[in-house]
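Hi,

Here is the structure I promised to pass on.

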Amino acid sequence: MPLIAVLLALVAVAFFVLPLIGLLQRAPWSDVWDDLSTPAARDAMKLSLVCSLWATGLSILFGVPLAYVLARAEFPGRSLVRALVVLPMVLPPVVGGVALLYAFSVNNGLVGGWLHDTFDIQLTFSTSGAVLAETFVAMPFLVITVEAGLRLMDRRYEDAAATLGANRWTVFRRVTLPLIGPSLFAGAALAWARALGEFGATLTFAGNIQGRTQTMPLAIYLLLESQQGTAIVLSLVLLAVSIIVLVALRDRWFGAVRES
Amino acid sequence: MRKFLRRFAVLTVVGVLVAALAASTAVAEAPAAKKAPKLSGSITVSAAASLTEVFAKMGADFQKLNKGTTIAFNYAASSALATQIQGGAPADVFASADGANTQKVVASGQVTADPIDFTANKLTIVVKKGNPKSVKSLADLPKLGVVSLCAAAVPCGKYATQMLAQDGVTIPTDKITLGQDVKTTLTAVQSGDADAALVYATDAKAAGTTITEVKIPASLNVLAVYPIAPIASSQNAKLADAWIAYVISPAGQKTLAQFGFLPVPTT
């Protein structure tokens, strides 16, 4: 191993480790519980949990069929659809928020006014809006992970089930779904983690209302100026969650990378 | 004796030459010294978000008067700027929308000169263009769907909280969206779906016809006083001082008035 590579690698590792140490050494360990019990922190944690789970649920509900269509159906413009689906992964979230705003704003959105007048639904500055913003950035992770799982699986099992008389729904439920289970789990976990960390689109589209749209990242950003301790403790909670997701995925996600 | 005379002559000639030289440079320097020391280089002015429009104009005017200088601006909430400066962000001048955030950087030793109050502002209600919810006063705000306020640490948020408390108006927390500076707070009404926002009168003026302003009478209002101060670590203190001098000069005050800012109250 050339020495220069080792040295540069060490710099890179230090670059990732230093910020973590920086965060940990500023943590007000003795006041952790007090900081977590402030109304702002509790509201933010509760809201983050609710919104991110909703976003994950919606991602599964719509994302699995989308992945299925992308993996199995042959239709013109499929790569265009896939590009559109993946776009939110590379798009700056704040741009996503602005785009959502001009689609769903009651005031000047493409369909927002109609939704409001017809169904009395207002997505901006509402918890549903926060869920929508999180789903927008999170669903692509689920779709591409599940699609990859569908492409890698051995389709002969499905064929065998079909020749034995199972209808399409039974095949999907009893054969396909269990086979792509690990991908679905990995995709859902990634989508959930992404939803939990959503900041830009939520702030732009849903605003910053305590208990309604102020999720943990928004609370952290806002409290950094007034209640630094709470902001740091909330950051630590998100850091811990990220580590848990990473540990939970280490075999399923990184295992898949190793195999392929 | 001859030696002495020669030496005397040489000295005289040298003396005359030196005197002449000194006189000529004095003549050359006199107008420049009278005008102002020659300014050059660049500075960064960390300014409250509410100063965005007026400082942009004043910066352009200042650079026209002082060719070769560059005034760069860093606009954000004064509270965010104070945190940035305390964290060592490069800044030469700090213009805050309140005294508290200036005192923060004074306390941490980054400002050693006395801050100067240079302008003042008041709060106002902005609603959607045409005032569809017919908001007439502060008392109408709790009845609306979503009200946009600045966050508590941001001066405009602090002033709004103070004003609402003094006027006995309580807006439920779950109806308040918090902006990280006054411009974001205004944008929530301008392009978002918030029904009303409490911002500075100057921001309502700058937003023009994109919104409708509902004025708050002086008796119910609060006065925001803006201090300006040089940052001690500035690499170009001369230009920083010149900028501050320009802001408090009659020309600077005239521009501030044009943008709707108020004179500093004399106490």
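From the N terminus on, the elements of chain A read α-α-α-α-α-α-α-α-α-α-α-α-α-α. That makes 14 helices and 0 strands in chain A, where helices are DSSP runs of H or I with at least four residues, strands are runs of E with at least two, and both are numbered from the N terminus.

Before going further: this is a predicted model, with local features needing pLDDT of at least 70 and side-chain atom pairs counted only at pLDDT 80 or more, while totals for chains, interfaces and linings use all residues. Residues are numbered from 1 along each chain as its sequence is written, and chains are lettered from A and ligands numbered from 1 in the order in which they are written.

The C-alpha trace of chain A spans about 65 × 65 × 35 Å along its principal axes. Chain A has 260 residues, and 37% of them count as buried (20 or more other C-beta atoms within 10 Å of a residue's own; 12 or fewer is exposed, in between is partly exposed, with C-beta atoms placed from the backbone).

Now the contact between the chains: chain A puts in 17 residues and chain B 19 residues, a contact being two C-beta atoms, placed from the backbone, within 7 Å. On the chain A side, helix 12 (residues 216-226) gives the most, with 3 residues.

One residue in chain B: Q103(B) sits in helix 4 (residues 99-107). Q103(B) is partly exposed, because 15 other C-beta atoms lie within 10 Å.

Cheers
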